[in-house]
Amino acid sequence: MSLRVFVPQDTTAIALGADRVAAELRAQLATMDLDVTLVRNGSRGAFWLEPLVEIECEQQRFLVSNMESDDVPLLLSALANGPDSLEQRLKGLPGYLGSAEHVEYLSRQHRVTFARSGLEDPLDLDAYRRLQGISGLERALTLAPQAIVDEITQSGLRGRGGAAFPAGIKWQTVLDTKADQKYIVCNADEGDSGTFADRLLMESDPFQLLEGMIIAGLAVEASQGYIYLRSEYPRAHVMLNAAIEIAMNAGLLGTDILGSGRSFSVEVRLGAGAYICGEETSLLESLEGKRPVVRAKPPLPAVAGLFGQPTVVNNVLTLAAASSVLAQGGPSYAELGNERSRGTLTVQLAGNVKCGGLVEIPFGRSLRELLDEFAGGTASGRPLRAVQVGGPLGAYLPESLWDTPLDYEAFAQAGAMLGHGGVVMFDSTVDMQSQARFAMAFCAAESCGKCTPCRIGSVRGVEVIDRIIARESVAENVILLNDLCDTLEYGSLCAMGGLTPNPVRSALAHFGEDFE
Amino acid sequence: MLKFYEPGQDGGTPKIASTTLVTLTIDGRSVTVPEGTSIMRAAAESGVKVPRLCATDSLNAFGSCRVCMVEISGRKGFPASCTTLVEEGLDVRTQTDAVARLRRNVMELYISDHPLDCLTCPTNGDCELQDTAGELGLREVRYGFAGENHLELDKDTSNPYFTFDPSKCIVCSRCVRACEEVQGTFALTIQGRGFDSKVSAGQAEAFMESECVSCGACVDACPTATLTENTIIERGIPEHSVVTTCAYCGVGCAFRADVKGSEVVRMTPLKDGKANEGHACVKGRFAFGYATHKDRITEPMIRDTIDDPWRTVSWEEALEYAAARLKSIQSNHGRNSVGAISSSRCTNEEVYLVQKLVRAGFGNNNIDTCARVCHSPTGYGLKTTLGESAGTQSYASVAQADVIIVMGANPTEAHPVFGSRLKRRLREGAKLIVIDPRTIELVHTPHINADYHLAVNPGTNVALLNALAYVIVDEGLHDKHFIAQRCDDDAFSQWLDFISQSRHSPEATAEVTGVDAKTLRSAARLYASAGNGAVYYGLGVTEHSQGSTAVMGIANLAMLTGNLGREGVGVNPLRGQNNVQGSCDMGSFPHELPGYRHISDPQVRALFEADWQVTLDPEPGLRIPNMFDSAVDGSFKGLYCQGEDVAQSDPNTQHIEAALSSLDCLIVQDIFLNETAKYAHVFLPGSSFLEKNGTFINAERRISPVRKVMPSRSGKEDWEITAALANALGCEFDYTHPREIMAEIARLTPTFSGVSYDALDAHGSIQWPCNDDAPAGTQTMHVDEFVRGKGNFVPTEFIPTDERVNRRFPLLLTTGRILTQYNVGAQTRRTENSAWHEEDLLEIHPVDAEDRGIKDDDWLGITSRAGNTVLRARISERVKPGVVYTTFHHPESGANVITTDNSDWATNCPEYKVTAVQVALVNEPSAWQARQKKFNHRQQDLLAQAIVD
C-alpha cells in the first residue's frame with residue numbers, strides 16, 4: 001500500500017514548525033520500511049490548523065492538524081500496517097480531522113482561485129495540469145486578443161488589490177493603445193496588515209499566476225511581464241523563480257508558448273520595503289529603478305505605464321483569477337457574487353482571531369456570517385469589538401455594521417472598503433484613540449512624501465490626535481482633525497493619503513466614547 | 001526695454017503645440033486651447049490664475065503641492081488642474097468655497113513647517129509661497145509651531161553664487177526637476193521619504209562637492225527662499241529689469257537683468273528668449289561680477305613707450321594722441337602700415353564701425369577679427385559649398401533631429417545651454433555620434449550614452465569625414481533624389497569620382513584616424529539612414545591646417561544625405577564667442593565688406609563709397625597673422641585692437657609678443673589691462689555688455705538686442721570710442737545712437753535690410769536673412785534652394801599636417817574649453833567661477849603618465865617646436881594614449897607658447913588643436929613663465945603709478 005504524506009511548505013506552516021515535522025518524518029522514514037512518499041505541498045490557508053499534515057491513500061485523503069515534530073512517531077506508527085483501516089488508525093491522533101469535507105472551515109468555502117492551493121507540490125507542473133491548470137491558457141491561445149478581453153469583461157472581474165477597478169476595462173485600454181512594447185506588471189507588493197492571500201497563492205500555486213499573466217499578455221499583446229514582489233516574501237521569491245524556470249523549460253513561457261508561436265516572458269523584481277510601492281504608479285517608478293514616488297494620473301498606466309508604455313498593472317489575485325475566467329468562461333465566473341461584485345472574495349482573517357486564515361467565498365455574504373462561520377471568535381476569548389476590513393487604511397466597523405454584505409458597493413456605502421480582503425479583529429480591550437493615531441502614524445511612516453497633505457498632514461494628524469488623547473482643547477482639535485481628514489481625502493495625490501481618514505473617521509464616528 | 005521688476009508670467013505647465021483645439025469653460029468663460037494643455041494653463045491663458053506651488057511652465061506637471069485643485073462639473077473630487085488635461089466641453093470652476101477651504105488647509109500644512117520670518121527673508125516680496133498664502137487667505141495655523149519640523153536644518157553655503165536653506169524648503173521638487181528636465185545633469189534628488197523628504201545634492205553632499213554644474217536652474221525654479229542667489233541675499237530683490245543678451249558664448253541667451261538702482265542683482269534667463277528658452281549656465285547667470293571688478297580701468301591712459309608709466313588723461317587728449325601717432329606712422333611708413341583688430345565680444349554696431357574706420361579712415365583694408373582664429377574656416381567652407389557663411393538652423397531644430405553628430409565640440413562645457421537642449425533630445429531617444437579625440441561628457445552622461453564615439457586622432461578629421469562619405473556612397477545610402485534636385489551635377493560627379501577611391505575607405509584610413517573600420521561604417525550608416533541627421537561642430541573642426549577642408553567635408557556629408565533645408569537637420573557651427581557670427585557678418589575680414597561681399601567687387605565697393613563718401617582700396621588687407629609677421633619685419637607699425645587679447649589667445653605667444661613689441665603705436669580698447677594692453681601705448685577704457693546698447697548675433701544667425709543696464713563706467717560705450725577716434729582722424733562719424741549704425745548696416749547689407757531696432761523691440765530677436773523676401777527673418781536656411789543656387793560638392797583631399805609626432809615630440813597636444821571659464825578668462829577669472837577652475841591643467845592618459853612617472857598634480861614641462869611651458873598634471877582617461885589636453889583660460893599657463901604658427905590653408909585659422917609635444921616632470925616654471933611673471937609685475941607697477949598720478 002503506497003502512501004503520500006503531505007507537509008506544507010508555505011511560510012506560515014513553516015513558521016509553525018512544518019519544516020521540523022518534515023525533517024523528522026524524513027529522518028524516521030529512512031530507517032523504516034514503509035512505502036511512504038513525502039510531498040511538500042502548499043497550504044490550504046487554514047492557518048490555525050497548521051502544520052496541517054495530510055495522508056493520502058487510494059484516493060482518500062485525511063487531515064491531521066497542528067502537527068509537531070514530537071507527534072511524528074505517533075503518526076508513523078499509525079501509518080504502519082495494522083489490523084484496522086488507515087482511517088481508523090489515524091483517528092487516534094490528537095489533531096485528526098478526517099477528510100477535507102469534514103472540516104467546515106474548508107467545506108463552507110467556495111474556492112475558485114485557491115481551489116488547488118495546498119493539494120499538491122506547488123512546483124509539480126503535471127499535478128497543476130491534472131488539477132485543471134493550463135486549460136485557461138489553452139483556451140486563450142485559441143482566441144483573438146479582443147475575445148480574451150471580452151471574456152474578462154463578461155466575468156465582471158475587478159481588481160483584487162483593493163481598488164476594484166474593472167479588469168476588462170483596463171485590459172481593453174491597453175489593447176486599444178497601440179505600441180511596439182506593452183507590459184504586464186503583477187503587483188505582488190502585498191503590504192496591507194493582516195493580508196497574505198497573494199503570498200499564499202505565489203507559494204502554493206505559482207503556475208496559476210504565471211498562467212494568468214500569459215493570458216493577460218495574449219489579451220493585450222504584451223510580451224513581457226514583471227512580478228513586483230515585496231522583499232519580505234523570500235519564500236515566494238524562490239517559488240516564483242523556480243516556477244518560471246519550470247514554465248520556461250516546459251514551453252509555457254518563452255518565444256513559443258505551447259507551440260503557438262506567441263511569446264511571453266516573466267521576471268521577478270524585488271521591492272525594497274516601501275508600502276507605497278503597492279500603489280501602482282509608485283510601483284512602476286520603482287520597477288524603472290527610480291525613487292518610488294507616486295505619479296499623477298493621467299496618463300493612466302494602461303496608456304503610459306512602465307517605461308512609458310501601455311501596461312496592465314494587476315494584483316496577484318486578479319491575474320490568477322483570469323486563468324479561472326478563461327478556463328470556465330467569463331459568464332460562468334460571473335454567476336458567482338453579488339450586484340457588481342462578481343466572483344469570489346478572498347478574505348484573510350487576522351488580528352485577534354481564533355481561526356485565522358484564508359477564506360474564499362462568493363461576494364455577497366455578510367461580514368457577520370463570515371465572522372460567525374469562520375473566525376471562531378477572538379483569540380483572547382474576549383468579546384469582539386471592532387473589525388478593520390481592507391487593510392490599515394480600511395474603516396473600523398462596529399457590530400452595528402457587521403451585517404453589511406461583503407461587496408464593494410455595499411461597503412463603500414457603509415463608509416468602508418473591502419480592499420484586498422484583510423479582516424483584522426479587535427477585542428473589547430482595544431483603544432480606538434490609539435488605533436486612529438496608528439492610522440496617521442502609518443501614513444507618516446509610509447508616505448512617499450510627494451504630495452503635501454500626506455507628507456505633512458499625516459505628521460500633523462499624529463500630533464493632533466496626541467493632543468486629543470492628552471485632552472488638550474479636544475473640541476477644537478476634533479474639528480481640526482476632521483478638517484485634516486478632508487484635506488487628506490480630497491487633496492492627496494494617491495489613495496494612500498486619500499484613504500488614511502477612513503480608520504480615523506470610523507474610529508471617531510463609531511467609537512466616539514473612546515475620545516471623550 | 002526698461003520695466004519695473006515683475007516676476008515673469010507663468011502658465012504653470014509647458015505650452016503645448018498641438019493644432020487640434022479644445023474648447024471648455026473656465027469660471028464661466030469659454031476658453032479654446034490646444035489639445036493636451038492642462039486646465040491650469042488653459043486658465044492662465046484666459047487670464048485666470050489658479051494658485052500653485054509645484055507647477056511652473058518650464059517643467060512638466062508634477063501634481064504634488066495640491067493647491068491647484070479645481071472642481072469640474074460631473075466629476076467627483078477635486079482634480080489638480082496641473083495634471084488634468086482639458087477636454088471638450090468641460091465646465092471648470094477654479095474658485096468655489098470647497099476649493100478655497102481645501103487650498104487653505106493645504107497651505108496651513110505648509111506654513112506649519114515654515115519659518116515665520118517673512119520680513120527678514122531674502123525673498124520677501126518675491127516668494128510664491130508668500131504670495132500664495134496671501135491669495136488663499138490663510139489667517140492662522142491651527143497646528144501651532146511646536147510640532148515636528150525642519151526649521152533647524154543647516155544652510156549649505158558651499159556654492160559661491162547661491163545658498164541652499166533647507167529650513168525654507170516646501171519639497172515641491174521644482175529644483176530637482178529643473179536639474180533633470182531643463183539642465184539634464186541629475187545632480188539633485190529627494191532624499192528620504194514622507195516627512196523626512198529633503199532636497200539633496202548628490203548623495204547628501206554639499207552642492208559644491210556634488211555633480212552640480214551651478215547652472216542655477218534650480219535657483220530659478222525655487223518658489224521660496226530655499227535656493228537663493230547670494231546677490232539677492234546680500235542686496236535684496238530688484239526694483240526694475242532690462243532685457244538684454246548674454247555676452248559669453250555663441251549660444252546668445254536672452255536675459256532679464258534684474259537691477260537695483262544701477263546695480264545688477266540677478267541675471268534671469270528669459271523664457272521668451274528663443275536661443276535659451278529660460279535656461280542659462282554658470283557663466284551667463286552668475287558670472288557678471290567682472291563688470292564691477294576693481295580691475296576695471298575707467299579712464300583713458302597714454303604713454304610713449306611700454307617702459308613708461310601710464311598717464312591718465314582726458315578722452316580728448318587720449319584720442320588726439322592716438323590719432324596723431326597713427327597719422328604720423330602712416331606718413332612715415334605708408335597707408336598700409338596701420339590696421340585694426342575688432343572683437344567678437346563687442347556689438348555688431350561696434351565692430352561695424354571699426355571696419356568702417358579702417359576702410360574709410362585708415363584708407364586700407366587691414367581689418368581682421370578674432371574669428372580669424374576660430375571660425376574663419378566655417379565662413380569659407382560653408383560659403384563655398386552652400387553659399388552662405390553661417391549655420392543652417394535654429395537651436396530649436398535639434399528637437400526634431402533623429403541622429404546627431406557632435407564633432408570637435410564639447411557643448412556641455414562650451415555651449416552649455418545648447419548642451420542641455422541637445423541632452424533633452426538625446427534623452428528622448430535621438431542617436432548620438434561623437435567625433436572627438438577626447439571622451440567628452442556627452443559620450444557618457446546621465447541617461448545618455450553615445451551610440452558611437454569615434455576617437456579620431458588629432459589632425460585627421462578630413463580623413464575621417466572622407467571615410468564616412470566613402471561608406472555612404474559605397475553602400476548606396478546617399479540621397480540620390482536630393483542630390484539630383486538640389487546639387488550641382490558636375491561638382492557632384494567629380495566629387496563622386498574622388499570619394500569613391502578605395503584609399504578613402506574606412507579600412508584604408510583606420511590606421512591614420514585611429515578609428516576602426518567597423519565602428520566607422522556603423523556610424524556612417526546610422527547618420528545616413530536614421531531620419532533627420534544634424535551635425536554640430538566646433539573649433540575641433542576648424543582649428544586645423546585643414547579646417548576649411550573639414551567644414552566642406554561636413555557640408556558634403558549633409559548634402560550627400562539630404563540633411564539640409566528643413567527642421568532637424570543641417571550643418572551647425574557652435575560659435576565660440578557671443579558675437580563671432582556678427583563680427584564676421586559685419587565685414588570684419590580684410591577681403592569682405594559687410595554681408596560677405598568681396599572688396600574687389602566694384603559694384604559693392606561703389607555702394608559703400610557712395611554711402612561713406614570715400615574711395616575704397618580694392619585690395620584685401622592684412623590678416624591677423626600677416627599683421628604680426630609684418631610687424632616683426634617692420635612694415636606694420638600701428639594697431640588699433642578692440643576688445644581682443646591677442647597676446648593670450650593667439651598661437652605662438654612669443655611671436656605675438658615680438659610683434660607687439662615692435663609696434664610704434666598699439667591702441668588697446670578694453671575693460672581690463674589685458675595681456676595685450678601691457679604692450680600698448682594708448683589704452684581706451686571700454687564698456688562691458690551691461691553698459692551699452694547694440695546687438696549680438698549668435699550661431700543661429702539670431703540678432704538679439706543688447707541693452708544698457710547700467711551707466712558706462714568709462715563714460716563711453718565702445719561705439720562712441722571708435723567714432724571719436726575716427727573723428728579725431730578726420731572722418732565724420734556723427735552717430736548719436738547705435739540704432740543709427742544698424743540703420744546704416746541695414747541700408748548697405750541685403751541680408752539685413754529688414755533689420756531695425758524697432759523690429760527687434762517688436763520681435764525680441766530676428767534671424768538673418770531678414771529682408772523683403774523674409775520680413776520675419778529666416779529660421780532655416782537653404783529650404784528650397786541653396787543660397788548659391790546648386791549645392792557644391794568640393795573634393796576634400798586629406799593632407800596630413802606637418803605637425804606630427806616623432807621621437808622628440810611623441811605626444812599630440814590638443815586644447816579646449818571648460819564650463820566655468822570663458823576664452824582668455826579676462827571676465828570669468830574676475831568672478832567666483834575660479835572656485836571651479838583656478839588653473840589650467842594638462843590632462844594626460846594614465847599610460848603616458850606611468851611611462852613618465854607622472855602623478856596627479858605633478859609639475860609638467862610641455863615642450864613643442866614653438867616653445868615650452870609648465871602646467872600641473874591631471875591624469876585622465878578622457879584623453880586617449882598619445883594625446884594630451886589643456887585649456888588656455890589663464891595667461892600664466894602659456895598654453896599658446898606651445899602652439900605653433902601652422903594654420904588653415906584657406907583662412908590662416910591657427911592649428912590650435914594639434915601640437916606635437918613632449919611632457920616631462922619639472923620642478924620650476926618655464927623660462928617664458930618666469931619672464932611673463934616679471935613683465936606682468938612691471939606692467940602692473942606702471943599701471944599703479946598711473947593711478948597714483
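Predicted model: local features only at pLDDT ≥ 70, side-chain atom pairs only at ≥ 80, totals over all residues.

Colleague: How many bridges join strand E17 of chain B to strand E22 of chain B?

Modeller: E17 covers residues 403–407 and E22 covers residues 533–537, both in chain B, and they run parallel. In general, strands of a sheet pair through backbone hydrogen bonds, either parallel or antiparallel. For E17(B) and E22(B), the number of bridges is 5.

Colleague: Which strands of chain B stand at the edges of the open sheet?

Modeller: The sheet has 5 strands in the order E21-E18-E17-E22-E23 (chain B), with parallel pairing. An edge strand here has a single partner, so one side of it is left without a neighbour in the sheet. That describes E21(B) and E23(B).

Colleague: Now chain A: why do the buried residues of H16(A) lie on the same side?

Modeller: Those residues are A:Leu367, A:Leu370, A:Leu371, A:Phe374 and A:Ala375. An α-helix has 3.6 residues a turn, so residues three or four places apart point the same way.

Colleague: Which helix gives the largest share of the side of chain A that touches chain B?

Modeller: The contact takes 25 residues from chain A and 30 residues from chain B. On the chain A side, H18, H19, H20 and H21 each supply at least two residues. The largest share, 6 residues, comes from H21(A).

Terms used: Residues numbered from 1 in each chain as written. Chains lettered and ligands numbered in written order. Contact = placed C-beta atoms within 7 Å. Helix = DSSP H or I, 4+ residues; strand = E, 2+ residues; numbered from the N terminus. Buried ≥ 20, exposed ≤ 12 C-beta atoms within 10 Å, placed from the backbone. Pairing = 2+ DSSP bridges.
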